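Please look at the sequence and the structure shown here before reading on. The paragraphs that follow go through aromatic rings, nonpolar cores and a metal site in turn.

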Amino acid sequence: MQETERMCCQLIAYGDYCYYVHSQTDSTYEQARVACENEAATLTSVVDADEQAFLAQLHANVGGTFLWIGLNDITIENTFVWEDGNTFVFSAWASSNPDNSNNEDCVHLSAGSLWNDYSCGNSIGYICKRTKDWMLVFKAVAGIALPTETDALVYDPYQVWISSTAINADNPAAKLLDNSFSGHYKNLILDQHLGEIREIKMGLYNSVGVEVMHMVFNMTDVTDRDSWFVKNRLLSSPYDDIFTEGQNVFSVIGETVAVRRWYLSRNHNGCPDDTGWFAVITHISPSCTWELTAEQKPLFLYSIRNTYVNWNTYSDVGKADVFAIFVKMDYL
Ligand SMILES: [Ca+2]
Ligand SMILES: [Ca+2]
Ligand SMILES: [Ca+2]
């Protein structure tokens, strides 16, 4: 992203969002939608009168040129939906619109910033909107690899994590934090915006999507996908003893023979004395019984205490259903 665009974001933050106004461009609705996605954003929604008034000001600042917003009735005529998943409630239609003249299915800011349905293939400017909150970049679901599974993208979430292509990124069901969707998820926000990411969060969830553990790491000046998962970048966690105890493995790639990823291990001393805090277990035929040989992989094991645990003391070990990673962008 250009530095000017980041500057722009500072100037036009509103509430929990940043807005990027692209007035010096001619884009179809689809081109604008993709361009916003490439900014880790979506074509803007307008959820209430306050946001409409805010966008009207931005619109006036660029001379009132036509700008796409993220609203269309492409799928079902006269059923308008927001690109970012917001429920369509508020509207600010220009008089006599939407009129679906010649099957107009996409919406833009028109005179006075009121909305007009317009042919999606017309080429105009657009506004992208991006949250300042955590954005999901990766998600893995426990137990989806049958013992016969041979696709590493299924049994080893690390292969999904390092994939150079997005996986299930256009499937809203794959973004849910419960385990209703039996597949992993990855978008390219982290890969494409590494230099703009300030913090990264790994969270664990139960089967209905309730968070059971999370850790946050500082991403400032991290220049690759993995090197944030280290002790001196840890900002918060449930564990009091990470800084006072040593670790024999603390890395995303983890222990590559046993194939334990995002492995936060205190020590190995023969399987019965292995201790640690967190592990993504992926091996179909693991070497230690604490890796729960009979259970389908992957497994997300974590200490449910506020200290390390012996992995063999099962009453101290939680098994999460979903493992997700989020980023916060840099808006300073
Ligand atoms: Ca139509
Ligand atoms: Ca229409
Ligand atoms: Ca119209």
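In this predicted model, Phe217 has a relative accessible area of 0% and is therefore buried, since buried means under 20%. Phe229 likewise counts as buried, at 0% relative accessibility.

The structure holds 27 aromatic pairs. In one of them, the ring centres of Trp82 and Trp115 are 5.6 Å apart and the planes stand at 85°, so this pair is edge-to-face. Trp82 belongs to strand β5 (residues 81-82) and Trp115 to strand β7 (residues 115-118), and the pair thus links distant parts of the chain, 33 residues apart. Both Trp82 and Trp115 are buried. Phe217 and Phe229 form another of the aromatic pairs, a tilted one, with 5.3 Å from centre to centre and 55° between the planes. Because Phe217 lies in strand β12 (residues 211-218) while Phe229 lies in the loop between β12 and β13 (234-236), their pair ties together parts that are 12 residues apart in sequence.

Phe217 and Phe229 are also members of one aromatic cluster, which includes Phe138, Tyr158, Trp161, Trp228 and Trp262. Some rings have a charged residue over the face: Lys201 lies over Phe326, at 5.1 Å from the ring centre, and Arg266 lies over Tyr308, at 4.0 Å from the ring centre.

The largest nonpolar core has 41 residues, and those with the most contacts inside it are Trp161, Met202, Trp228, Trp262, Phe278, Phe323 and Ile325. Leaving aside residues up to four places away in sequence, Trp161 touches residues including Val137, Phe138, Leu190, Ile200, Val252 and Ile325, and also Lys186, Arg225 and Asp226.

The last stop is a metal site. The calcium ion (ligand 1) and the calcium ion (ligand 2) are 3.9 Å apart, with Glu77 coordinating both. Glu77 lies in the loop between β4 (67-72) and β5, and Asp105 in the loop between β5 and β6 (106-109), so the pair ties together parts that are 28 residues apart in sequence. Glu77 is partly exposed, with a relative accessible area of 39%, whereas Asp105, at 8% relative accessibility, counts as buried.

Terms used: Residues are numbered from 1 along each chain as its sequence is written. Chains are lettered from A and ligands numbered from 1 in the order in which they are written. This is a predicted model: local features need pLDDT of at least 70, side-chain atom pairs count only at pLDDT 80 or more; totals for chains, interfaces and linings use all residues. Side-chain values use heavy atoms; hydrogens and water are left out. Rings of Phe, Tyr and Trp (its six-membered ring) pair if their centres lie within 6.5 Å; planes under 30 degrees apart count as stacked, over 60 as edge-to-face and the rest as tilted. Helices (H or I, at least four residues) and strands (E, at least two) are DSSP runs, numbered from the N terminus. Buried means under 20% relative accessible area, exposed over 50%, partly exposed in between (1.4 Å probe, protein chains only). A charge sits over a ring if NZ of Lys or CZ of Arg is within 6 Å of the ring centre and within 35 degrees of the ring normal. A nonpolar core is a set of buried Ala, Val, Leu, Ile, Met, Phe, Trp, Tyr and Cys residues joined through side-chain atoms within 4.5 Å. Contact means heavy atoms within 4.5 Å. Donors are N, O and S atoms within 2.8 Å of the metal (3.2 Å for Na, K and Ca); water is not among the atoms, so sites may look incomplete.
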